[in-house]
Amino acid sequence: MIPRSEVQEIEKPGWVLLFGRRKTGKTYIVKHMVKHENYFFVTRGGLILEHDEQLSYPVFEERIKNLLLKDITVVVDEFQRLPGRFLDLLHYQSPESRAKLILVGSSLSVARKLMEKRSPLLGIVRPVRIGLIRPADVIRGLSNLEPELALKIAPYIRDPWIIRFVNPANFRISEVINAIRFNVPALIGEVFSEEERNLTDRYELVMRALSLGNSSPGEIAGYISGFIEKELRSQDVKSYLANLLRMGIASRIRLTGRKRYIYGIESPLIDLFYYLDTKLGYYEVDVPMDELENLASVKEGVYFERFVLDLIASIYGARVQRSIEPEIDGILVKRGRIVASVEVKMGSISREEITSFLNKAPREGKKIVVAREGPSVDGVSFFTPSDILSLLR
């Protein structure tokens, strides 16, 4: 079991709305990590399940009216499938309620609708977004492994649905490759369906472009224009990216000193699927596993670097920014001030590479180098994987 620090937010007083894209662990958190007395799950057909009992909506409505008057915690999972009058009921019951209510929804659009001006629950529920597992939580969950192995596999484990397909202590990328081949397309289809959007060819092309390292709207537009009749502008791509950001599929990092962002796919599992399928078409064609593993290794360093940067940023309470010219792996910014520049290597690093990093890095803030091994250099804080885990503790 990997701990989730979001539990602290959920357990604070008041009614809570948990939201986020599918398969990020919302149901697992409320069922196994949050103490509750009653748990209701709403099926796609509208039936409400509690333990082995199937309830119609009128029966559920009467039951929850009574439960909200008690000093207990009640969970309603996939609540957005209930009739619209359920929200009006909650609005009416909220002043008299003694219970803590946790609503769980798999659509980010649901959260937006509940926070709109005309929503019955505006100002009544507190939204808590559940995304990928936070880096520090993953490392705590993998604390029984060797530090280097923990940091290597942690990026994949951040997407919790993969845990049932792999053994962290004997991690093999082949197991990940097999698991994502059919699960990721189904997951993406579900996400688009929940957001009431169609998974069009252009969205597919945007995700494929991102997986290949095209990180700006202009680069993505250039890639897509090679596959469609009409040339696409970067402005057109921005609308697709905005929707992918809202759905929790894409992420972005600000460029230091500029009002521009670079984009990527947030989940390494989704990114790896689109990368392998774009390169080899392995979703529809059987490809030898050794060929897939060799191609996946190209991405390994990228995922490692991004995870380590996010982990160190969480320790400093900072945000990660990037610098492309000059190229710097990560710049940590807190309250608008640079607190550190970071260079990350999966293997060893040479004195020449550290010197090059120092020459490029901004004067402000600490200079941090993360690598398996390397020389001691004045003015540089050097961390091995073991050092990072010790720092986290």
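This short talk walks through one protein chain, from its overall build to a few single residues.

Hi everyone. Before we look around, a word on what we have: this is a predicted model, where local features need pLDDT of at least 70, side-chain atom pairs count only at pLDDT 80 or more, and totals for chains, interfaces and linings use all residues. Residues are numbered from 1 along each chain as its sequence is written, and side-chain values use heavy atoms, with hydrogens and water left out.

Let's start with the whole chain. The protein chain holds 15 helices and 14 strands. Both are DSSP runs numbered from the N terminus: helices (H or I) have at least four residues, and strands (E) at least two. Along the principal axes, the C-alpha atoms fill a box of roughly 70 × 50 × 45 Å. For 393 residues, a compact globule would have a radius of gyration near 21 Å, and the chain's 23 Å agrees with that. That radius is taken over C-alpha atoms, and the globule rule is 2.2 Å times the number of residues to the power 0.38.

How much of the chain is buried? Of the 393 residues, 51% count as buried. Buried means under 20% relative accessible area, exposed means over 50%, and partly exposed is in between, using a 1.4 Å probe and protein chains only. As for contacts, meaning heavy atoms within 4.5 Å, take those between residues at least 6 apart in sequence: 63% of them join residues at least 24 apart.

Now let's zoom in on a hairpin. Strand E10 (319–323) and strand E11 (328–334) have a loop between them, where Pro 326 lies. The hairpin joins E10 to E11 through 4 residues. The two strands pair in the antiparallel sense over 4 bridges; to count as a pair, two strands need at least two bridges found by DSSP. Within that pairing, Gln 321 stands opposite Ile 331 in E11. E10 is largely enclosed by the rest of the structure, because 4 of its 5 residues are buried. And what kind of peptide bond joins Glu 325 and Pro 326? It is a cis bond, with omega about -5 degrees.

Arg 335 is not a glycine, yet its phi is positive, near 55 degrees. Arg 335 counts as exposed, at 79% relative accessibility. His 51 gives us another example: its phi is positive, about 60 degrees, although it is not a glycine. You'll find His 51 in the loop between strand E3 (48–50) and strand E4 (53–55), and at 72% relative accessibility it counts as exposed.

Leu 241 sits in helix H11 (residues 234–246) and is buried, with a relative accessible area of 1%. Setting aside neighbours within four places in sequence, Leu 241 is in contact with Val 206, Leu 210, Pro 217, Ile 220 and Tyr 263. Pro 217 is 24 residues away along the chain, and its C-alpha atom is 8.2 Å from that of Leu 241. Leu 49, in strand E3, is partly exposed, with a relative accessible area of 28%. With the neighbours within four places in sequence again left out, the contacts of Leu 49 include Tyr 39, Phe 40 and Gln 54.

Last stop: the empty spaces. Rolling a probe the size of a water molecule over the atoms shows where empty space is left. On a 1 Å grid over the protein atoms alone, a cavity is a set of points where a 1.4 Å probe fits but cannot get out, while a pocket is an open set with protein on both sides within 12 Å along at least five of seven lines; lining residues have an atom within 4 Å of a point. Grid points are joined across faces, edges and corners, and a volume is the space filled by probe spheres set on the points.

The second largest pocket has a volume of about 890 Å³. Of its 34 lining residues, the closest to the centre are Gly 25, Tyr 28, Pro 160, Trp 161 and Arg 164. Which helix gives the most to this lining? H2 does, with 6 residues.

Finally, a search of the whole structure finds 1 cavity of 30 Å³ or more. The largest cavity has a volume of about 40 Å³, and among the residues lining it are Gly 20, Arg 21 and Glu 266.
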